[in-house]
Protein chains: 2
Amino acid sequence: MEDSVKAAEEITQQCLQHSDVNWLLNRAAHGLREAMDAEANAHGTSIRGQIVLSALAQNLGRPYSQLALGHALGVDKTTMTALLDKLERSGLVVRTPDPHDRRARIPVLTEAGRELQAKLYVQLKAVEEHSLAPLSPDEREVLRSLLRRIIPMQHIEGSCM
Amino acid sequence: MEDSVKAAEEITQQCLQHSDVNWLLNRAAHGLREAMDAEANAHGTSIRGQIVLSALAQNLGRPYSQLALGHALGVDKTTMTALLDKLERSGLVVRTPDPHDRRARIPVLTEAGRELQAKLYVQLKAVEEHSLAPLSPDEREVLRSLLRRIIPMQHIEGSCM
DNA sequence: TATTGTTATACTCTATAACTATA
DNA sequence: TATAGTTATAGAGTATAACAATA
């Protein structure tokens, strides 16, 4: 066991040296995601749930349909249904009818949903800062800026969550 | 449809402004991954297959067991078994017995595996460069450097592929 | 006819547990 | 007893297709 762990670290080192950006991104994303998901789980939801809650929290003034949310977050409408089912069962979201289109349903935060989102936002920000501790504040901003510039803004192929 | 697409872009814009690094990383990783996987698929394998092939290609002198590879790449030994099964079926890898431990098996590249890995390496590098086109060469190196520094080097929780 | 949302279904990825063969 | 690897299996996450209600 000791042996295979040492070997694993060697391979990891080589991967890091090899500057494969896909690998670096996946590894970095994975590390942050695990840390944040653990925190979200401790509060009875998940990182994916919080992403949906946050999208809803930002759009109190202009409510979006499930379809629009799905597009924005990079998931299929059937996946969106499943995500909202969970949130609704937890009492964090309710689906209200769209007055302008009776086919559509507008998911909105409940009071509990708004509270949990706000609380988790703070906690997850702290987790993020902790994960980014090796970087100075300036470097963190550089990282954000560089990432924004390489994110494809067009349509999304496949799921993003 | 037009409407929900427009709404989706608005939400995406808001997410980008919101500087959630987890979201930025996932989105960037997803874009690059899709592009690279499409290229790998065109050559009869996948990005995950190529990651395994590349790990093997870098260790011709010092062969690693399946377990060590799994640790390094962040997957369970059962997942490693499945990945290698596919590669072996495609004739890209063979599992050879470890002379020092008759329980263990050492996966090694076949000639076809070595060739495909080398060819795909070049092609995927081109895809990566294309995806990073918005960044200058200097900026790309900054990005790599920042990512390396926030990747947790300790043990990996859950799958990384 | 086209679209929103749901359900049923299937496929992939993942890990746990049970097993074997070694150590 | 413990470890390397396989198999069986179960749980997520995802997407396609068929459907109901509405546009």
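A polar contact here is a pair of N or O atoms within 3.5 Å; within protein, one of the two must be able to donate a hydrogen and the other to accept it, and residues adjacent in sequence count only if both atoms are side-chain atoms. By that rule, twelve residue pairs are in polar contact across the interface of chain B and chain A, both residues at pLDDT 80 or more. This is a predicted model, so local features need pLDDT of at least 70 and side-chain atom pairs count only at pLDDT 80 or more, while totals for chains, interfaces and linings use all residues. Residues are numbered from 1 along each chain as its sequence is written, chains are lettered from A and ligands numbered from 1 in the order in which they are written, and side-chain values use heavy atoms, with hydrogens and water left out.

## Where the chains meet

Let's stay with the interface. α1 (2-17), α2 (21-42), α3, α4 (66-73), α6 (111-131) and α7 (137-150) of chain B each supply at least two residues of the side that touches chain A. The largest share of that side, 15 residues, comes from α2(B). By class, the side of chain B that touches chain A has 36 nonpolar, 17 polar and 13 charged residues; Ala, Val, Leu, Ile, Met, Phe, Trp, Tyr, Cys and Pro count as nonpolar, Asp, Glu, Lys and Arg as charged, and the others, Gly among them, as polar.

In terms of contact (heavy atoms within 4.5 Å), chain B puts in 66 residues and chain A puts in 66 residues. About 6,600 Å² is buried between the two chains, and carbon and sulfur atoms give 66% of it. Buried area means the accessible area (1.4 Å probe) that two parts lose on being put together, summed over both.

The rule also finds two salt bridges across this interface, a salt bridge being a side-chain nitrogen of Lys or Arg within 4 Å of a carboxyl oxygen of Asp or Glu. E139(A) forms a salt bridge with R149(B), with the closest N and O atoms 2.9 Å apart.

## The core

The largest nonpolar core has 78 residues. Such a core is a set of buried Ala, Val, Leu, Ile, Met, Phe, Trp, Tyr and Cys residues joined through side-chain atoms within 4.5 Å, and buried means under 20% relative accessible area, with exposed over 50% and partly exposed in between (1.4 Å probe, protein chains only). The residues with the most contacts inside this core include L25(A), V52(A), L25(B) and L143(B). Leaving aside its neighbours within four places in sequence, L143(B) touches V21(A), L143(A), L146(A), L147(A) and I150(A), plus L132(B) and L135(B).

Helix α3 (residues 47-57) of chain B is mostly covered, with nine of its eleven residues buried. Among them are I47(B), I51(B), V52(B), L53(B) and S54(B). S54(B) lies 8.4 Å from A118(B), C-alpha to C-alpha, although the two are 64 residues apart in sequence. A118(B) is in helix α6 of chain B and counts as partly exposed because its relative accessibility is 39%.

## Around R95(A)

Chain A has seven helices and two strands, running α-α-α-α-α-β-β-α-α from the N terminus. Buried residues make up 47% of its 161 residues.

R95(A) forms a salt bridge with D85(A), and this pair links strand β1 (residues 93-97) to helix α5 (residues 77-89), ten residues apart. R95(A) counts as buried because its relative accessibility is 13%, whereas D85(A), at 30%, is partly exposed. The side chain of R95(A) also makes a polar contact with the side chain of Q66(A) (3.2 Å). Q66(A) sits in helix α4 (residues 66-73) of chain A and is buried, with a relative accessible area of 14%.

## Salt bridges

A search of the whole structure finds 22 salt bridges over all chains. Here are some of them.

| Pair | Closest N to O |
|---|---|
| E139(A), R149(B) | 2.9 Å |
| R95(A), D85(A) | 2.3 Å |

E128(B) in helix α6 and R144(B) in helix α7 of chain B are 16 residues apart, and both are buried. E111(B) and R114(B) lie together in helix α6 of chain B, three residues apart, about one turn of the helix.

Technical notes: Helix = DSSP H or I, 4+ residues; strand = E, 2+ residues; numbered from the N terminus.
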